[in-house]
Amino acid sequence: MIDRLTDHARRVLDLTEAEASRFGHRYVGPEHVVLGVLRDGANGAAELLRARGMELEAARAELGRLAERGVVARPALSDAELLGTLGINLEAVRQRTQRTFGSQAVAQATREATRARRRGVGRVAWTPLCGPPFLAKRVVGLAHRQAGVVGSAGIGPELLLLGVLDDITEPWPRCMSNRWRRNLLAYVGLPADYRGAARALLEASGVDLAELRGALVAQVGEAPR
Amino acid sequence: MNETVHGEVTAVAAATGSKDPEVALAAVAALRGLVEVLEALNVENARAEGWSWEAIATRLGVTKQAVHKKYAGRRFRLGRSR
């Protein structure tokens, strides 16, 4: 799924993470993907958003208002800053650990410590070693599904934004609400009923979701395959 | 605007150890997350090098049953593909 992302979409996801940390969010959600698409700028999805009056700076300010209203988390210190208050250099720990054990082992140990079947023994909500939790996984999954529908080999930024829109409308399976996840949401400062705030962000910016989706589908269909 | 506010909070917190529970408790939680992963990595490494549960437990300062309960049966391979 991830490996079908184009280089351009990967850059957008890097900017997505940058937008989340710039705001002081300890997670990455669909709303940050919208910001990432806008910040990248040089893609069809951003053009469509700009044509509907959505600009990066205004959207950032809008996210700030959503945080005040408690729809998304308020700005908080990142793990690196928190550990910094204890005199621990997270980056140094990360580099040494990865050099010693390899990044694959670190990733597996992370899974082990966070959500493995440990019957509650020493289980933690999240670990600082692997960056902020990526809560927009379903966006990528739905973009992938949409790529299949239009017969596109790679997933570009346009399909990513389409994934964001589908993530808004697609109902959430019950398994997405479990104790570990609620714990994680609380840990990063999100309300328990958080389902991504892309809808709130887009609507507050005056974007008509159904109309935008139509325009995106038309654009993706026309794009060279 | 948010960036400035966030920046100020960061600067204050980073310069001093914080006594504000909001920051201090979150820092402890982050530290615990770090410790759990380091423990898992090193226990796995020790097992791969043939250490007994008892030897590992002694070094960690817990009982061998505690380490076994936490880590037995969920071995992952350090940095090696399957």
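Predicted model: local features only at pLDDT ≥ 70, side-chain atom pairs only at ≥ 80, totals over all residues.
1. Overall make-up. The secondary structure of chain A consists of 12 helices and 0 strands. Along the sequence the pattern therefore reads α-α-α-α-α-α-α-α-α-α-α-α.

2. Overall dimensions. The C-alpha trace of chain A spans about 50 × 40 × 35 Å along its principal axes. A compact globule of 225 residues would have a radius of gyration near 17 Å, and chain A has 18 Å, so the two agree.

3. Burial and contacts. Of the 225 residues in chain A, 43% count as buried. Take the contacts between residues at least 6 apart in sequence: 69% of these join residues at least 24 apart.

4. Length of helix H8. Helix H8 of chain A covers residues 137-150, which is 14 residues. Just after H8(A) comes A:Gly151, which takes a positive phi of about 70°.

5. The buried side of H8. The buried residues in H8(A) are A:Val139, A:Val140, A:Leu142, A:Ala143, A:Gln146 and A:Ala147. Viewed down the axis of H8(A), the buried residues fall within an arc of 165°, so they line one face of the helix. The general rule behind such a pattern is that an α-helix has 3.6 residues a turn, so residues three or four places apart point the same way. The packing partners of the buried residues of H8(A) are helix H2 (30-40) and helix H9 (157-169) of chain A.

6. The other side of H8. On the face of H8(A) turned away from the buried side sit the exposed residues A:Gly148 and A:Val149.

7. A loop residue, A:Val71. Where does A:Val71 lie? A:Val71 is in the loop between helix H4 (56-68) and helix H5 (79-85) of chain A.

8. Partners of A:Val71. Leaving out residues up to four places away in sequence, A:Val71 touches A:Leu66, A:Ala197 and A:Ala200. How many residues apart in sequence are A:Val71 and A:Asp193? They are 122 residues apart in sequence, while their C-alpha atoms are 9.4 Å apart in space.

Terms used. Residues numbered from 1 in each chain as written. Chains lettered and ligands numbered in written order. Helix = DSSP H or I, 4+ residues; strand = E, 2+ residues; numbered from the N terminus. Contact = placed C-beta atoms within 7 Å. Expected span 1.5 Å × (residues − 1). Buried ≥ 20, exposed ≤ 12 C-beta atoms within 10 Å, placed from the backbone. Arc of directions from axis to C-beta. Rg over C-alpha atoms; globule rule 2.2 N^0.38 Å.
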